[in-house]
Structures are given as C-alpha cells and as structure tokens.
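Please look through the model shown here and work through the questions that follow, taking each answer step by step.

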Amino acid sequence: MAVSALTHDNISTLRQLLISTVHESLAAQSTISSQLQLYVDRAFVVNGIGTVITGTLAHGTINLGDKVRCYPSGIVGTVRSIQAYHQSLQTISGTCRVALNIKGVSRKDIGRGHLVVSANDTMTLADQYIIRINKNDAKLKEKKQRQVEAAIGTWHGVAKVSYLPQTQLARVVFNHPIPLFFGQRLALIQKGGSRLMHGGEVVWHDFIAGYQKRALYQALDALPIDLNIEHQRQLRLTLQGYFEPIVDSREGGYIPTCEQTYLAPYCFASYWLDAWMQNVLTLLQDGDAMATNELSSLFKLDDAVVNTIMQHLKQQQKVHLSYGKWRFGAGDNEDDLPAEALVILQQIRQFGKAGLELNKVTVAGGKSGYVSLVIKNTLLL
C-alpha cells in the first residue's frame with residue numbers, strides 16, 4: 001500500500017490499519033493477563049497531596065480507594081485520586097495514560113520502571129527468565145553469552161542473554177530480581193548502542209529440575225504464537241503436576257476442570273495427585289515415617305506443596321503427624337495442638353529420659369495451674 005503525507009493518499013486507510021493492529025495486540029495481551037499492570041514513568045511529590053505517579057495502565061481497572069502494591073519494593077498504598085486526560089475520575093481502565101495519587105507510598109519507594117499491581121495480586125520476582133525471541137540471528141548464537149540492554153515497560157537495564165540451541169528460546173539473566181509475568185513483552189538492544197536485536201516474550205520463570213529441561217524447552221518451543229493464561233497452566237500441569245492459580249478474591253475461588261483437583265492454593269492434575277499420594281502412602285505404610293522436608297527432597301517438590309497434600313491426606317485420616325514426621329494411618333496430630341501445648345510438648349521431649357519436672361516447664365504468660373492442665377492434655381498424645 002502506497003502512502004503519501006504530501007497528497008494524503010491512503011492516510012485514512014493507514015490510520016485504520018494502525019488502530020486495528022493496536023486493538024488486536026491489546027486483545028491478545030488481555031487473554032494473557034487481566035491483572036492490574038501499570039508501569040511508572042515518573043514519581044514526584046506535590047505539596048499538600050503527597051506521592052504522585054504517572055504511567056501507562058496496560059491492563060486492569062483502578063478505582064478510588066483501591067489498594068495497590070508497588071514492585072519491586074512490595075509496599076502497599078491506597079489510591080487517593082485518579083487523573084487522566086486532564087480530568088479527575090472515579091475509575092479508569094486500560095489501556096491509557098494515567099496519574100495516581102497514592103497514600104502510604106513515599107517518593108523513595110517508587111520510581112521510573114517500577115510496576116504497580118493490585119494489592120491482592122502477587123508477581124514473580126526473579127533474576128532469570130526464559131523468553132521466546134521473534135527474530136533469529138545465527139551470528140549472535142556463535143557467542144554463548146553476551147551482555148545486552150533490556151527494555152520492559154518503562155524499565156531499562158543491563159542483562160545477559162544466552163541462546164538455547166535449535167530453539168527460538170533464550171535465557172535472560174538480570175543483575176537483580178525484577179517482576180515479570182507470562183507473556184510479558186520485552187526488547188533486547190545492543191549494549192552501548194541503539195540497534196534492536198530481538199523482541200520477545202516471557203514464557204517461563206519457575207524453577208525446573210535438570211532432568212526436565214529438555215522436555216521444558218520442547219514444550220516452550222512448541223507454544224502457539226498467540227499466548228494465553230491457559231498455556232501457562234497447561235505447561236505447569238504437564239511438567240510439574242500442579243500450578244498456583246491467580247485468584248481474584250472479589251470473584252471467589254478458582255474453579256478447577258473435571259481433570260483437576262483444587263487444594264488451595266494449588267491446582268493439581270488429578271492423575272498426578274492420585275499417583276503421588278499413592279506413592280507416599282505406600283512409602284509410609286512400609287514403616288518409614290518422614291518429615292515434610294524429607295518428602296520434599298525425595299520427590300523434588302516445594303515444602304509448601306508437599307504440606308498441602310499431606311494436610312489433605314490427614315483430613316482423610318490416612319496419615320497423622322507425630323514427632324514432626326508423617327506416619328501412616330489415623331491418629332492424633334500434634335500440629336492440631338494450640339500454640340501453648342506445642343511449646344510444652346517440645347520442652348517435654350527435650351527432658352527425655354531425665355523426666356518431666358513441672359517447675360521447669362514454662363509457657364509465656366501461663367499460670368502454674370494452667371500449665372498443669374495443658375500438660376495433662378498434651379500427654380494424652
């Protein structure tokens with residue numbers, strides 16, 4: 001299509017093409033995340049008002065009185081006023097330019113390149129990400145790792161990039177943890193110059209065991225061009241067996257599919273969860289009592305994930321916790337004791353064969369009669 005600014009040929013057509021392209025891009029981004037995301041351009045203090053930030057609201061909606069969280073500091077503030085297009089507003093939705101007066105956040109806590117999200121949302125802070133690049137330059141791959149400049153939102157800094165052979169993937173390592181989300185777009189620029197090397201998007205930021213890396217790279221390289229949040233969930237279910245869904249407290253809890261099991265805050269692939277629980281029950285039935293961290297190390301899972309599943313088995317009376325270890329079958333669970341009883345139980349075990357002496361047992365703020373009562377109930381275990 002030939003366009004002329006002098007004769008105005010096809011200017012209106014070009015305008016419509018640009019508008020439709022932007023709308024398509026925004027629609028694609030909205031399928032990745034509907035969370036509030038605002039990258040800060042400027043932050044300053046107005047006398048009598050407080051901290052004011054300006055930036056581009058990429059996604060989500062902001063209302064007066066909303067609680068927001070600022071990254072990377074993690075500090076929470078309250079939106080006291082909203083301005084856009086020279087007007088004071090009660091609410092505003094992306095995508096648009098906006099200025100916010102935030103109470104509870106000082107000027108030193110926020111600046112250019114920082115990210116503002118809802119206080120109910122949590123962002124991953126990591127110093128390593130895998131991105132899918134949309135341009136493949138064979139000459140650059142001759143060097144295993146190189147320094148580049150990265151531009152993300154309004155953030156700009158130095159990073160190291162290494163290309164994963166025979167894929168359209170690259171590992172990007174930053175000097176310090178920064179907040180990014182699945183599908184986040186970024187640009188890699190030649191260090192010390194202005195030449196754009198690659199555009200790309202984040203496709204992975206979680207830990208992955210060494211034996212799973214090949215499967216991960218194959219799965220990431222096979223992702224479709226247009227990403228959405230379901231692709232991320234399916235990746236985690238396939239590789240890990242679970243994921244932690246982003247739950248908006250205003251919309252209720254996460255609703256799993258028929259092939260998933262939701263044990264807050266994690267959603268598990270049902271087949272994976274059933275197999276894992278059966279393996280653990282078989283292990284414990286053979287007489288090997290194990291602590292949560294021992295199970296985590298054995299199965300290469302986070303402690304929080306293991307504890308969530310074990311608590312589920314405890315509710316089904318298939319396991320119980322005694323002496324800090326999980327044991328097969330129903331029984332009394334020491335983690336159900338009140339805090340005071342747990343303190344006393346720990347002291348009783350410390351006495352060991354020396355025997356329990358009441359006058360040596362202490363509970364912060366506890367009377368002697370109360371301590372005796374707690375001890376009697378504790379010894380029932």
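**Barrel and pocket**

Q: Which residue in strand 13 does Val161 stand opposite?
A: In this predicted model, strand 12 (residues 155-163) and strand 13 (residues 169-180) pair in the antiparallel sense over five bridges. Within that pairing, the residue in strand 13 that stands opposite Val161 is Val172.

Q: In what order do the six strands of the closed barrel run?
A: The pairing in the closed barrel is antiparallel, and neighbouring strands of this sheet are turned against each other by 40° on average, with direction ignored. Strands 12 and 13 pair with each other, and the order of the six strands of the barrel is 10-13-12-11-14-15.

Q: At about what angle to strand 13 does helix 2 run?
A: Helix 2 (residues 213-221) lies across strand 10 (124-133), strand 13 and strand 15 (196-204). These strands belong to the closed barrel, and the angle at which helix 2 runs to strand 13 is about 95°.

Q: Which element gives the most residues to the lining of the largest pocket?
A: The largest pocket, with a volume of about 990 Å³, is lined by 43 residues, of which Asp206, Arg236, Gln240, Tyr242 and Glu244 lie nearest its centre. Two or more lining residues come from each of helix 3 (229-239), strand 16 (242-243), helix 4 (270-285) and helix 6 (303-315). With seven residues, the element that gives the most is helix 3.

Key:
Residues numbered from 1 in each chain as written. Predicted model: local features only at pLDDT ≥ 70, side-chain atom pairs only at ≥ 80, totals over all residues. Heavy atoms only, no water. 1 Å grid on protein atoms, 1.4 Å probe; cavity = no way out; pocket = protein on both sides within 12 Å on 5 of 7 lines; lining within 4 Å. Points joined across faces, edges and corners; volume = space filled by probe spheres on them. Helix = DSSP H or I, 4+ residues; strand = E, 2+ residues; numbered from the N terminus. Pairing = 2+ DSSP bridges. Axes fitted to C-alpha atoms, helices over the stretch in contact; angles between N-to-C directions. Contact = heavy atoms within 4.5 Å.
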